[in-house]
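Me: I have a model open and would like to go through it. Can we start with a single side chain and work outwards?

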Amino acid sequence: TSPKMALSTRMSVAQASAVRPAVRAVVPRSGRRSVRVVAQAQQAEKVAAAAALSTAALAVAPAAQAAQEAMTVAAGEPVIVQVGWAALCVMFSFSLSLVVWGRSGL
């Protein structure tokens with residue numbers, strides 16, 4: 001198969017269109033060189049994807065831990081405390097809705 005065919009079967013269309021101009025500009029007529037360039041481009045994309053994934057995992061981890069801790073605290077409270085917090089939230093929301101209604105809009 002040609003290097004273009006191998007490239008298109010392993011990558012998405014967007015990735016292939018981003019790599020193909022570089023391959024055309026750099027690749028001499030020898031077949032071995034084109035395979036190396038394609039392999040280097042794929043390796044660079046894999047490194048970039050791994051870096052983005054690890055950054056996202058590090059960014060999401062504290063938020064996930066905080067959400068778990070919040071649920072643990074809420075699960076340990078008595079029902080009357082949970083009802084009290086819910087009532088406070090309802091009163092605040094209803095108060096805002098009455099103000100908006102009284103002013104005929106925002």
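Me: Is methionine 91 buried or exposed?
Reply: This is a predicted model. In it, methionine 91 is exposed, because its relative accessible area is 54% and the cut-off for exposed is over 50%.

Me: Where is methionine 91 found?
Reply: Methionine 91 sits in helix α4, which covers residues 79-102.

Me: Which residues form a nonpolar patch on the surface with Met91?
Reply: Ile80, Val81, Trp85 and Leu88 form the patch with Met91. Together the five residues named have about 540 Å² of accessible area.

Me: Where is confidence highest and where is it lowest?
Reply: Helix α4 has the highest confidence, with a mean of 96. The lowest is in helix α1, residues 3-10, with a mean of 51.

Me: And what does the protein average?
Reply: The average pLDDT is 75, and 63% of the residues score at least 70.

Me: Back to α4. What does valine 100 touch, leaving out residues up to four places away in sequence?
Reply: Valine 100, which is in helix α4, touches Gly105 and Leu106 on that count.

Me: Why does valine 100 count as partly exposed?
Reply: Because its relative accessible area is 32%, and partly exposed runs between the buried limit of under 20% and the exposed limit of over 50%.

Me: What happens just after α4?
Reply: Serine 104 takes a positive phi of about 60° there.

Me: Is serine 104 buried or exposed?
Reply: Serine 104 is exposed, because its relative accessibility is 69%.

Me: Zooming out, how many helices and strands does the protein have?
Reply: There are 4 helices and 0 strands. Read from the N terminus, the order is α-α-α-α.

Me: How much of the protein counts as buried?
Reply: 9% of its 106 residues.

Me: And what does the accessible surface come to?
Reply: It comes to about 8600 Å², and carbon and sulfur atoms account for 69% of that.

Technical notes: Residues are numbered from 1 along each chain as its sequence is written. This is a predicted model: local features need pLDDT of at least 70, side-chain atom pairs count only at pLDDT 80 or more; totals for chains, interfaces and linings use all residues. Side-chain values use heavy atoms; hydrogens and water are left out. Patches are made of residues with over 30% relative accessible area and no salt bridge: like charges are joined within 9 Å, nonpolar side chains (Val, Leu, Ile, Met, Phe, Trp, Tyr) within 5 Å. Accessible areas come from the Shrake-Rupley method with a 1.4 Å probe; for residues, only the protein chains shown count as cover. A salt bridge is a side-chain nitrogen of Lys or Arg within 4 Å of a carboxyl oxygen of Asp or Glu. Helices (H or I, at least four residues) and strands (E, at least two) are DSSP runs, numbered from the N terminus. Buried means under 20% relative accessible area, exposed over 50%, partly exposed in between (1.4 Å probe, protein chains only). Contact means heavy atoms within 4.5 Å. pLDDT is the predictor's confidence in each residue, from 0 to 100.
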